[in-house]
Amino acid sequence: MAKILVTDPIHEDALRRLEELGEVVVLEDADEEELRRHVRDADAWVVRSGTRVTRELIEEAENLKVIARAGVGVDNIDVEAATERGIIVVNAPESSSISVAEHTMGLMLALARRIPQADRSVRRGEWERQRFMGVELAGKVLGIIGLGRIGRQVAKRARAFEMEVIAFDPYISEEVAEELGVELVEDLDELLRRADVVTIHVPLTEETRGMIGERELKLMKESAFLINCARGEVVDEEALVRALKEGWIAGAALDVFAEEPPGEDHPLYELDNVVLTPHIGGSTSEAQRAAGLIVAREIERVLKGEIPENVVNLPVAGVSEATRRLMEVGERLADVGAQLLEGRLRSVVVKVGDEPGEREREALKRSVLKGCLDRILQEPVTMVNAVRVAEDRGIEVEFAVSDELESGELAVSLRSEGEEVSLRGAWLDGQVYLTSVNGYELRFKLSGPTLFVWHVDRPGVVGEVGLILGEHGVNIAAMEVGRRERGGEAIMVIRTDEEPPEECLRAIGEVEQVRRVRLVLC
Ligand code: NAD
């Protein structure tokens, strides 16, 4: 009989389901020693965010086939260690989407009708019907930032409220939006200008941190509401406080904060046009039950030798060392390419020098897709779900063998509507090197913050860029220039010790011979 270890509280229906699959051992607040003892002969291990599944514990396990996270994030699990040991990690990414979407609708209504304020007023013994004149949602424009799992559920519900729904999500296909009856807008500014209610459903990434700041809030209508049920850091809270105080927007509702809980004397508490909840978007018994049942089903699949649906990792047993290196090259090049590309990613071409076997080809393709998508999504994009995630976004993938490439070299081309980024790379001296950018040849190690500066090859440009970096206290760790001919278009690739600040990038962009600057995190 299989032993299923459960070390964080999960819904009782899920426990019952697990009991049908094997002997369930529930441990509460177990210490390291107890965990070690129990994990040794466990076949499956269920956790939420409370248990730290460390490499040491994973290495202790002799029979473990699956680690299941009854929820979304897997930060508390050493996925790499599990992968190395051939242990599958699964999660339940869909489990709270409806709950968060419903909470968003609740907040929207609370803002439109000022329900929390009215409730407080009645409790004070007041009866101020005039003061609580509200607005209807019907006929208003809802702007959804991030049309992923939660964003889509919000869209469906808002349509039922007869709202016009527009969305900004550069990584989603028009077909997906169309099916939902949502108009996809090309840029965030347009959404902010048009929407009566703006709701945020993007993950926290380098791109989305501080995405809504003073400039964005000032673009919104004075009558508009802002809702954030995603992550606090996506909104610049200081700017939001000013926006609410000075009337740039009419109100806001927040379920998430930059710091949780927000400090005792947070300026938001003094404002009447804001509704605050303590990160409870996903806290419903249904979401908790769904998370438990999803992972119970996944464990059943694994124990029966079937492939589970929500796999976070894919044990890469069976591919050669050389392929693994190429996979690493592919993933890193795709990650860089996706950061360089302007506009929505439409298609990806992967090229190698030697004809690979079927399994190798698939592994390379998936690594490249993972590299393209991992930075932009909340759910971990893995070797397993990369193809599905790409299909969902209408991204086409092609694979080709090219005699222009040496064995051990790989090329990735990413295309958007108006642009193409082609990168070539190789595994050299135990590291991933970039060997060409859009035909400019280089030999540049990918590690750390890297600036790509397209410019016209003239004496002094390189020095000027170096000087600007220096003036902003940014130290250059390595640098290379690629050009096709003297005096023509060229590219500078600069690795810096620290991330150059925005104003530094802007100053470089203003140098006369510089055409474009892009900071890439490697
Ligand atoms: P998801 O990965 O399914 O969807 C995120 C969407 O955002 C994707 O479609 C992606 O293409 C899009 N996106 C990424 N970067 C973008 C950008 N720069 N501009 C516009 N769109 C961008 O994630 P999800 O499951 O829908 O979760 C969304 C957010 O909700 C996450 O931040 C998650 O942490 C948060 N969340 C909050 C609670 C809560 O309790 N309040 C609960 C669960 C999830």
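1. Helices (H or I, at least four residues) and strands (E, at least two) are DSSP runs, numbered from the N terminus. By this scheme Ala 291 belongs to helix α12 (residues 285-303). The model is predicted, so local features need pLDDT of at least 70 and side-chain atom pairs count only at pLDDT 80 or more, while totals for chains, interfaces and linings use all residues. Residues are numbered from 1 along each chain as its sequence is written, and side-chain values use heavy atoms, with hydrogens and water left out.

2. Is Ala 291 buried or exposed? Ala 291 is buried, with a relative accessible area of 4%; buried means under 20% relative accessible area, exposed over 50%, and partly exposed in between (1.4 Å probe, protein chains only). Not counting residues up to four places away in sequence, Ala 291 touches Ala 70, Gly 71, Ala 92 and Ser 95, where contact means heavy atoms within 4.5 Å. Ala 291 and Val 275 are 16 residues apart along the chain, and their C-alpha atoms are separated by 28 Å.

3. The domain assignment divides the chain into domain 1 (2-94 + 288-312), domain 2 (97-276), domain 3 (321-434) and domain 4 (447-522); such bounds come from an automatic or database domain assignment. The C-alpha centres of domain 2 and domain 3 lie 36 Å apart. Between these two domains, 17 residues of domain 2 are in contact with 10 residues of domain 3.

4. The largest nonpolar core holds 46 residues, of which Val 348, Leu 373, Leu 410, Leu 434 and Phe 452 touch the most other members. A nonpolar core is a set of buried Ala, Val, Leu, Ile, Met, Phe, Trp, Tyr and Cys residues joined through side-chain atoms within 4.5 Å.

5. Leu 434 deserves a separate remark. Leaving aside residues up to four places away in sequence, the contacts of Leu 434 include Leu 333, Leu 423, Leu 442, Phe 444 and Phe 452. A second, separate core of 34 residues includes Ile 145, Val 235, Ile 249 and Leu 254.

6. Which residues come nearest to the ligand? Of the 29 residues around the ligand, these are Ile 150, Asp 169, Val 202, Asp 255 and Ile 376; a residue is near a molecule or strand if one of its heavy atoms lies within 4 Å of it. A nitrogen atom of the ligand is 2.9 Å from an N or O atom in the side chain of Asp 255. Taken alone the ligand exposes 870 Å², and the protein buries 95% of that. Accessible areas come from the Shrake-Rupley method with a 1.4 Å probe; for residues, only the protein chains shown count as cover.

7. Lys 370 sits in helix α14 (residues 358-373) and is buried, with a relative accessible area of 17%. Its side chain makes a polar contact with the side chain of Glu 331 (3.0 Å). A polar contact is a pair of N or O atoms within 3.5 Å; within protein, one must be able to donate a hydrogen and the other to accept it, and residues adjacent in sequence count only if both atoms are side-chain atoms. Not counting residues up to four places away in sequence, Lys 370 touches Glu 331, Val 381, Thr 382, Met 383 and Ala 386.

8. Some backbone features should be noted. The peptide bond from Glu 260 to Pro 261 is cis, with omega near -5 degrees, and Pro 261 is found in the loop between β11 (251-254) and β12 (274-276). Arg 114, in the loop between α5 (97-113) and α6 (115-123), has a phi near 50 degrees, a positive value in a residue other than glycine. Glu 162 is not a glycine, yet has a positive phi of about 65 degrees. Glu 162 lies in the loop between α7 (149-160) and β7 (164-168) and, at 59% relative accessibility, counts as exposed.
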